[in-house]
Structure formats: structure tokens, C-alpha cells
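Please open the structure in your viewer and keep the selection tool at hand.

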Amino acid sequence: MLTREENELLCRVEGDAPMGQMMRRYWLPACLAEEIAAPDCDPVRVRLLGENLVAFRDSEGRAGLMAEQCPHRKASLFYGRNEEGGLRCLYHGWKFAVDGQCVDMSSEPPESGLCAKVKHKAYPTREAGGVVWAYMGPAAETPEFERPIFAPSENTRVAIFKIVSQCNWAQGLEGGIDSAHSSSLHSTDMPAARVPGSTATGTAWARPTTDKSPRLEAEETNYGFRYAAIRRPIQNSATHDYLRVTTFVAPFHIMIPPNNVYNVYQMSVPIDDDANVIYLCAWSDTTAGVDVEAWRKFTGTQFGVDLDKTYRKLNNRENDFGQDRKAMRLGDFTGIRGFPNQDIAMQESMGAVADRTSERLGASDLAIVQFRRTMLQAVRDFQAGKKPPGVGIRAADYKSYGSWERVVPKSTDWRAFKP
Ligand code: FES
Ligand SMILES: [Fe+2]
């Protein structure tokens, strides 16, 4: 449970809201690289931390991210022409390079010198892991760009999708660190089985436990926190535990325990106060990674099939998320297809910004409580002039802890264990 003030501090990201200002100190996912696949491609709309932006790729292949409204008289650059090294506004033809510099101004006499003086708001970008990243904070505090944990090298095979979810980022995030819900909400897709660990079958993730009430333990770190969800395994339950260790990296990254084939990684990126983009990556350092289309099919997130062209779900609140009551009577736990869709159905059903002032939390919500404590402390420290957690820490430091899952002897100290 939070006070109303704490809930606002945690959730609000628009304008001067401290959480949004703090998030601007990190490199943030702006869009998928495939959305602006080729030089001079069609521009796309991006909304991030309540700002309307437009992303494009210039003739040399550089990704640009700039304010959507043209600085001249505020027409949308989304409709612009992406040509010969910049994005040209349709209205009077002003043209901007990826760094925001106006490079052509046919509507003004050349001697006016206005063109050279106009610099549109544009954010620096980087590309890695199939994502275009942007830095929206003060230039003087730009942190060094680190490859994301889910793509440690150029050769890492990453299968990634994104979904726009119509609720606040913290709801998306809390879904990702809520180990207990998987035993109910995802029980059809994550069945209990006599398997050595979490096992990807292509249509489900089997798990070696029937235990629906995990005991949780958390540990704070300098970049966020980690926690263990401890369950009774199907086999050897007298001597062993089934542990799932999840790592939270501020401000919105989650290293979800892997299965026998690939690692899983979630980001819940604020569009504004009332919506977030969920990116979910399956990745592997080996060639046995996950095929992008197979991943999207498995998760029910295929572009044009499950999602519309703005990455909104076709199964949404308007049609009760496509819930199939008949399937439920035949044994499907939710009647909702695909585990991200099950997650989003629950998260959106809580309201755009969940009312955390009247919740009834239990022991299995320990990681949720830790997340709120960590981020509220971080944002208060940030207001007092401190550096946000994780900024300046190398990705290798998170990786040395990572996330893991395993049936281990009860005597195992998960905090020290290195799988
Ligand atoms: S409004 Fe864009 S050039 Fe005039
Ligand atoms: Fe989930």
C-alpha cells in the first residue's frame, strides 16, 4: 500500500514529474529498429515520457528522433518527406537533419541566415539489440552508452516484440517482477511437469513445481534489486527447493529467469502517465536462440495479426481481450491467448494508474514492495541531487548476478550462488 503522494511520485512521468526527469538520465528504448528499417523510410510516431516525437532514418542510415511539431509553425513532421539527409516539413519545406539542425529553408530568403540559426529539438540515438535508444536528459550528463544486457554482442540472437499497453508503466513493471501470478494467470502456458527446470517446448514453458505460493526474499543492489521466489519442487521436495531469481535494473528493466533454451528480458517504458510499451526479448548467446517470428507467434504478438500498426492489441478492453469462456470450461485457466495478453488484460483492468492506497498486499508481494521502495528512494535521492541507481554502472556488473532458475539443495544461499 502507498499513500496517494507516493503513488503519484512513483507513477507520474510527464513534464516536470520527478520520476520522468530521473528516467531522462538513462538511455531509453524509443522504438524497434525494424520500425525505421531502411534509409529514407517512412517516419514513425514515438511518444515517450509524455513527449510526442517522430523517428526516422536518414539517407546515411542514421536514426533520428525529434519533436513531432515543426519549430516553424508546429505542423506535424510525421507527415514530412524523409529525403536526402533529413526530414522535410510539408507545410513550408523546412528540413532537419538527425541532430535537429535546419539544413534547408526554401520559404525564407537565403540572406536572412535564419536556417543556420534554427535547431529543432532532437535527441541523440544509438542502436543495439534491435532497439533504437535515445537520451533525453541534460547533454552534460549523458552516460556512456552500454549495449543492453539482452544483446551483449552484435551477434547475439535477439527475438523481441513490443506491445502498447493502456496503463501506467509501474503496472507493467510490477507484472514482470510478480513471480506468484505465473502459477495462476499463466498456469495453462506454464504447466507443472516432471522436468529438470523451466523447459521451453515451443507452445509452453513447463516448470518443475505445482507450488502456487512462493516464499520471496529480496536483496538490494546499487542498480536496483534481486529477489528469489522459492517453491517446492515436484521431485525431492524434502531436501530441495525450486528457485527463480529475478533481477530488477532501474528504471524499468527486468531479467526474468531463463528456460533451457533462452533468456528472457522485459522493459516497461512509459509512453506517458497512462500508457507504457512493453518490450519482451528472448535472447541467447548461442545459435540456438529464438526465431523472431516463432517468438511472436508463441506469445501472440505478431504484427498485423495480433497487433495493429500502432502496436496496440487487437484483443483489448473493447472485446474483453478475446476471452473465450468455452475454452475456460474446457480447462484453459484464463480463456485469453498468449501470456503477454494475459498480463496486459490484468494490468489494464487495474485502471490507467492503479489505486495503490487501498490494496491488500500479501507475503508473495514482497518483490512489488521492494520495487516501490527502491524506486521511491531513488527518485527522492535524485530530487536531493544524487545520481540515479545504475547510471554509470557497466552492463557486465548486472550480468555477473543475472537471473536464473534451478532446483537446488535447501542449504543453498541464493544470494551467493552462481549458476
Ligand atoms: S510548419 Fe513546418 S515548415 Fe512551416
Ligand atoms: Fe505475467
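Begin with the whole protein chain: among contacts (heavy atoms within 4.5 Å) between residues at least 6 apart in sequence, 61% join residues at least 24 apart. This is a predicted model, in which local features need pLDDT of at least 70 and side-chain atom pairs count only at pLDDT 80 or more, while totals for chains, interfaces and linings use all residues. Residues are numbered from 1 along each chain as its sequence is written, chains are lettered from A and ligands numbered from 1 in the order in which they are written, and side-chain values use heavy atoms, with hydrogens and water left out.

Colour the chain by secondary structure to find nine helices and 20 strands; these are DSSP runs numbered from the N terminus, helices being H or I of at least four residues and strands E of at least two.

Next, select P29, which lies in strand 1 (residues 27-32). Is P29 buried or exposed? P29 is buried, at a relative accessible area of 1%; buried means under 20%, exposed over 50% and partly exposed in between, with a 1.4 Å probe and protein chains only. Leaving aside residues up to four places away in sequence, P29 touches L48, V131, V132, W133, F252, M267, V269 and Y279.

Finally, select helix 4 (residues 169-176) and helix 8 (residues 366-383), whose axes are 9 Å apart and at an angle of about 135°. Axes are lines fitted to C-alpha atoms, for helices over the stretch in contact, and angles run from 0 to 180 degrees between N-to-C directions. Show W169, A170, L173 and E174 of helix 4 with I368, F371, R372 and M375 of helix 8, which make the contact.
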